[in-house]
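Please look it over before reading on.

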Amino acid sequence: SPSRMSFNYGGGGKTTGRVPVGIGPRRMRIVVTGGAGFVGSHLVDKLIGRGDEVIVIDNFFTGRKENLVHLFSNPRFELIRHDVVEPILLEVDQIYHLACPASPVHYKVFFVWVVMILNDGFHKTNVMGTLNMLGLAKRVGARFLLTSTSEVYGDPLEHPQKETYWGNVNPIGERSCYDEGKRTAETLAMDYHRGAGVEVRIARIFNTYGPRMCLDDGRVVSNFVAQTIRKHPMTVYGDGKQTRSFQYVSDLVEGLVALMENDHVGPFNLGNPGEFTMLELAEVVKEVIDPSATIEFKPNTADDPHKRKPDISKAKELLNWEPKISLRDGLPRMVSDFRNRILNEDEGKGL
Ligand code: NAD
Ligand code: UDP
Ligand code: UDP
């Protein structure tokens with residue numbers, strides 16, 4: 001039916017849709033939900049940089065206009081303040097769906113302060129927001145990419161994690177609103193793919209860091225870097241022997257675009273297999289930012305996964321993608337951004 005056709009090229013966002021038609025190269029029109037956030041804003045830079053039209057939908061829950069302000073005068077860029085929980089009508093070729101209240105502190109705060117209402121909001125964004133974007137993709141025939149997460153593996157009993165692993169998630173634990181929210185989003189995406197023929201792509205993103213990360217979102221890399229710049233001790237939770245694998249944001253953006261432009265639904269793990277304990281991470285931060293940095297131990301939170309490391313053979317083979325930037329090379333690239341923002345904050349406080 002005509003309503004299933006892509007508005008722009010009838011290409012459903014396929015790479016072939018970018019072939020020039022008559023009057024020179026045609027651009028794609030791409031929606032990035034959550035585009036004012038950390039990963040989203042870097043993705044938008046990449047898409048604008050290669051010549052596409054980008055519409056960002058963001059409610060600024062954790063995102064910031066500052067992340068996009070350098071694009072405001074670009075005629076190929078549009079920013080819409082909108083909550084994806086509400087339906088929206090747009091005509092686009094591709095949808096990168098990143099909107100999600102992503103940071104652990106925010107959801108832990110929900111549990112401490114307003115368990116029912118905001119927890120509902122958390123799960124609701126993942127469920128209703130994803131549903132609306134899938135409905136939009138179905139209506140206009142756009143290709144839809146979901147940014148899922150390694151947290152779908154929960155506290156994994158398989159190491160490293162392959163995409164075939166189903167996960168070990170506590171459905172009623174403190175983290176479950178995030179884990180289960182993303183698992184539901186994956187289910188919805190596959191429903192729309194199988195049932196309505198939507199071209200779906202699923203990325204399972206592992207811990208990512210870089211400039212524009214929220215300063216105080218409670219994630220370990222942003223905490224350690226901000227603490228070290230502020231000359232505070234780095235807070236190591238538990239014994240610090242739990243592991244994570246940290247990916248630099250530009251590697252992730254390359255992976256997301258490769259996935260969107262390829263023919264495979266996924267899911268694909270996108271992460272850097274270099275695995276570090278939190279104590280080792282603290283050592284690296286110390287080495288590359290400030291040799292006089294110190295650590296202090298704090299009690300860990302419940303249900304904290306003991307280890308996490310992606311098996312990325314599938315993405316290597318089918319997307320021809322792998323991360324290029326090691327932790328030692330990536331960390332220094334976020335320091336000046338963090339320094340500037342911490343300095344501005346202090347000036348704002350009149351310090
Ligand atoms: P972020 O918090 O910086 O970005 C999320 C963005 O979504 C923010 O700009 C926020 O304002 C927006 N948003 C939230 N709820 C919304 C709503 N209801 N309507 C519209 N916009 C809304 O987080 P991020 O680290 O950039 O994460 C981006 C995506 O990648 C998320 O889906 C996240 O789950 C996923 N992911 C990130 C990591 C990571 O390490 N950064 C790891 C796994 C998965
Ligand atoms: N939707 C949207 N924009 C669109 C098309 C759909 O926001 O362009 C929303 C729609 O409001 C609904 C959801 O996406 O809440 C799922 O749409 P679908 O058509 O799949 O389901 P239905 O409306 O038939 O329940
Ligand atoms: N962590 C830590 N100190 C901090 C923040 C986090 O030791 O200041 C630990 C946390 O307990 C977890 C790991 O770092 O084991 C990664 O936490 P993060 O919230 O960054 O990511 P996720 O748990 O979602 O992988």
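A crossing of two helices is called right-handed if the near helix is turned clockwise from the far one by less than a right angle, and left-handed if the turn is anticlockwise.

Q: What is the handedness of the crossing of α1 and α6?
A: In this predicted model, the axes of helix α1 (residues 38–49) and helix α6 (residues 249–261) come within 10 Å and cross at roughly 65°. By the definition above, the crossing of these two helices is right-handed.

Q: How many residues of the contact of α1 with α6 are nonpolar?
A: From α1, the residues Val-39, His-42, Leu-43 and Lys-46 take part, and they meet Val-249, Ser-250, Leu-252, Val-253, Leu-256 and Val-257 of α6. Of the residues in this contact, 2 are polar and 1 is charged, while the number of nonpolar ones is 7.

Q: How many residues of the shell around ligand 2 are nonpolar?
A: The shell consists of Pro-87, Ile-88, Leu-89, Leu-131, Asn-132, Gly-135, Leu-136, Lys-138 and Arg-139. Among these residues, 2 are polar and 2 are charged, and the nonpolar ones number 5.

Q: Over which residues does pLDDT stay under 50, with 15 contacts beyond four places in sequence?
A: The protein averages a pLDDT of 88, and 85% of the residues score at least 70. Over residues 1–21, however, pLDDT stays under 50, and the model has 43 contacts beyond four places in sequence for them. Where pLDDT is low, the predicted coordinates should not be read in detail. The stretch with 15 such contacts, where pLDDT also stays under 50, is residues 106–120.

Note on methods
Residues numbered from 1 in each chain as written. Chains lettered and ligands numbered in written order. Predicted model: local features only at pLDDT ≥ 70, side-chain atom pairs only at ≥ 80, totals over all residues. Axes fitted to C-alpha atoms, helices over the stretch in contact; angles between N-to-C directions. Helix = DSSP H or I, 4+ residues; strand = E, 2+ residues; numbered from the N terminus. Contact = placed C-beta atoms within 7 Å. Nonpolar A, V, L, I, M, F, W, Y, C, P; charged D, E, K, R; others polar. Near = placed C-beta within 6 Å. pLDDT = per-residue confidence, 0-100.
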